[in-house]
Amino acid sequence: MIEFTVPAGMKDLIPEECRVKRMIERRLEDVMAARDYVEISSPTLEHYDTFSIGLNNRREEENYRLTDAGGKMLVLRQDMTVPIARIAATKFKHVTAPLRFRYTANVFRITRAFGGGQNEITHCGAELIGVPSHEGDMEILTMALEAMAFLRERRLKIEIGNIDIFNAACKEVSLRPETKHRLATLINGKNLDELAVFLERLDMPAKTRAFFNHLPLLCGGREVLETAGEYAFTDEMRAGLTYLAAIYDALVAAGHEETVALDLSKIPALDYYTGLIFEGFVENVGEPVVSGGRYDGLIGKFGTDRRAVGFSVKVDALVPLMLQPADPAGSEKLNIAMTKGRLEKQTVRILEEVGYGVGPLKNKGRQLVLSDTEKDIDYFLVKANDAITYVEHGVADIGIVGKDTIYESGNDFYEMMDLGIGKCKFILASLPGIDIFKKRGHVTIGTKYPQVAKNYFNGLGIDIEIIKIDGSVELGPILRLCDAVVDIMETGTTLRENGLIVLDEICDISARLIVNKASFRIKRREILAVMADIRAWRERNEIISG
């Protein structure tokens with residue numbers, strides 16, 4: 001039977017949505033055209049090698065790939081900066097700078113299944129090529145702020161950083177690429193507890209460790225630069241801070257103090273950025289709506305070395321927002337998604353001990369949304385996977401969820417604190433006498449956590465077949481459905497009573513406090529206050545994270 005639906009990650013737009021989308025695009029395009037940015041277009045299909053050269057750290061699973069008539073690999077374009085870099089280096093290599101290009105085009109990336117993300121995204125952006133750093137960065141930032149001015153009633157906040165500061169610190173201590181990548185992931189994700197543990201394992205001076213530990217929370221106003229200056233330990237780092245101060249001061253002088261902020265922990269996922277980087281957030285949208293920065297080395301990869309800086313706006317993310325009435329005053333109320341069951345009881349105990357009103361949580365009946373009017377907090381009681389979903393989409397500002405769920409579901413949010421509760425382990429278990437590490441034939445693993453199992457055995461270099469079991473996984477080996485199971489274990493009682501033994505402890509897990517990325521910008525003060533209360537409770541109870 002033919003299915004008359006659109007592919008996963010794609011969507012139809014009804015007339016009202018089309019009207020709003022075109023309105024947004026016209027506003028952005030008019031601002032760029034007024035500054036003499038000329039329209040440019042590139043093919044929807046590009047050679048695979050173009051993006052292979054332009055995006056060294058791209059994830060293959062995010063690409064739409066196909067072959068042409070000659071068998072050559074093609075991809076649907078993943079962004080517009082790489083194709084424009086190719087065009088600038090080839091078709092405009094003899095044209096005198098500066099070059100000012102603008103575009104409105106669709107890009108394609110395969111997002112996580114059932115995550116609610118779009119695989120076809122309209123980007124509207126601009127690229128400035130061949131202009132020195134300060135002059136070019138100010139032109140692009142000022143234009144981005146002007147283009148996004150219609151979102152000020154939506155509590156727009158644009159954060160700027162400088163990737164040169166982080167890179168200079170890493171270079172000083174000669175970090176290996178894989179170590180640098182892990183460090184960048186923890187810092188950019190504001191994963192404070194795991195960052196501290198990771199840094200303790202590295203051989204580096206105390207001042208360097210202190211800088212990296214403080215980096216995730218070096219965000220806010222100009223005071224951030226003064227604090228960072230106390231930890232800077234190389235001339236390159238200090239130069240990066242001085243440059244960022246000049247940009248920030250110039251934007252404040254131009255009247256953007258309420259809209260612009262600093263975030264020194266901003267480390268972009270795309271590896272072509274070389275200096276200034278920035279992202280823009282608005283209330284009730286769980287992802288950045290605008291992003292950009294300097295990429296001085298990218299065009300040179302295609303044959304003509306030129307400096308460049310640019311930005312793009314995710315138009316589709318703004319359409320649902322603009323269909324809703326604006327609330328200029330906004331709301332400082334925090335929305336917290338709490339995992340039902342065992343974690344719920346432990347979380348309520350913490351909140352009660354730090355002085356929060358938990359009466360509604362203790363006597364909730366069948367209610368799923370409960371309010372602490374004194375602290376101005378709404379609590380949602382949801383399943384673990386749903387806590388992540390609500391936080392990622394900006395419905396909840398904060399979530400309390402187990403690390404096991406995070407491992408399995410991904411993390412498009414900030415994992416900011418290990419609460420030290422709900423402690424257990426991921427383990428590999430089977431019947432006595434079965435050694436799957438030495439088995440030559442087919443190995444089958446039963447689990448509720450296929451991603452965790454896959455990552456674990458990939459690390460061991462063992463090929464496995466995963467069988468998803470949603471109920472009692474212990475039955476799998478007993479009934480010969482699988483050779484072994486990957487599961488969580490708190491006391492081990494259920495395993496022992498069913499005759500299974502632990503073959504390996506994969507990792508420790510516990511409950512984490514996660515934060516929506518946009519909420520951290522819009523409600524930073526309130527979120528940090530909750531974290532401070534919980535951290536004080538944790539220290540009083542001598543809970544050691546790790």
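Biologist: Okay, two strands pair if DSSP finds at least two bridges between them, so in what order do the six strands of the open sheet come?

Modeller: The order is S14-S15-S13-S16-S23-S17, and the pairing is mixed. Strands (E, at least two residues) and helices (H or I, at least four) are DSSP runs, numbered from the N terminus. Keep in mind that this is a predicted model, where local features need pLDDT of at least 70, side-chain atom pairs count only at pLDDT 80 or more, and totals for chains, interfaces and linings use all residues. Residues are numbered from 1 along each chain as its sequence is written, and side-chain values use heavy atoms, leaving out hydrogens and water.

Biologist: Which are the edge strands there?

Modeller: Strand S14 (369–372) and strand S17 (414–418), each pairing on one side only. From one strand to the next, the twist averages 25° (angles run from 0 to 180 degrees between N-to-C directions, with axes fitted as lines to C-alpha atoms, for helices over the stretch in contact).

Biologist: How do S13 and S16 pair, parallel or antiparallel?

Modeller: Parallel: strand S13 (residues 334–339) and strand S16 (residues 398–402) share three bridges. Look for Met338, which stands opposite Ile400 in S16.

Biologist: And which strands does helix H12 touch?

Modeller: H12 (residues 342–353) packs on the sheet and touches S13, strand S15 (377–382), S16 and strand S23 (511–515). Its direction makes about 135° with that of S13. Helix H20 (residues 524–540) packs on the sheet too, touching S13, S16, S17 and S23, at about 25° to the direction of S17. Touching here is contact, meaning heavy atoms within 4.5 Å.

Biologist: Switching topic: how many strands form the open sheet that has S1 in it?

Modeller: Nine, in the order S1-S5-S6-S12-S11-S10-S7-S9-S8, with mixed pairing. Its edge strands are S1 (38–39) and S8 (219–220).

Biologist: How many bridges join S7 to S10?

Modeller: Six, between S7 (residues 157–162) and S10 (residues 276–281), and the two run antiparallel. Asn162 stands opposite Leu276 in S10.

Biologist: Last one: at what angle do helices H7 and H8 pack?

Modeller: About 165°, with the axes of H7 (residues 192–200) and H8 (residues 206–214) 10 Å apart. That makes H7 roughly antiparallel to H8 (over 145 degrees counts as roughly antiparallel, under 35 as roughly parallel, 65 to 115 as roughly perpendicular and the rest as oblique).

Biologist: Which residues make the contact?

Modeller: On H7, Leu195, Ala196, Leu199 and Glu200; on H8, Arg209, Phe212 and Asn213.

Note on methods: Pairing = 2+ DSSP bridges.
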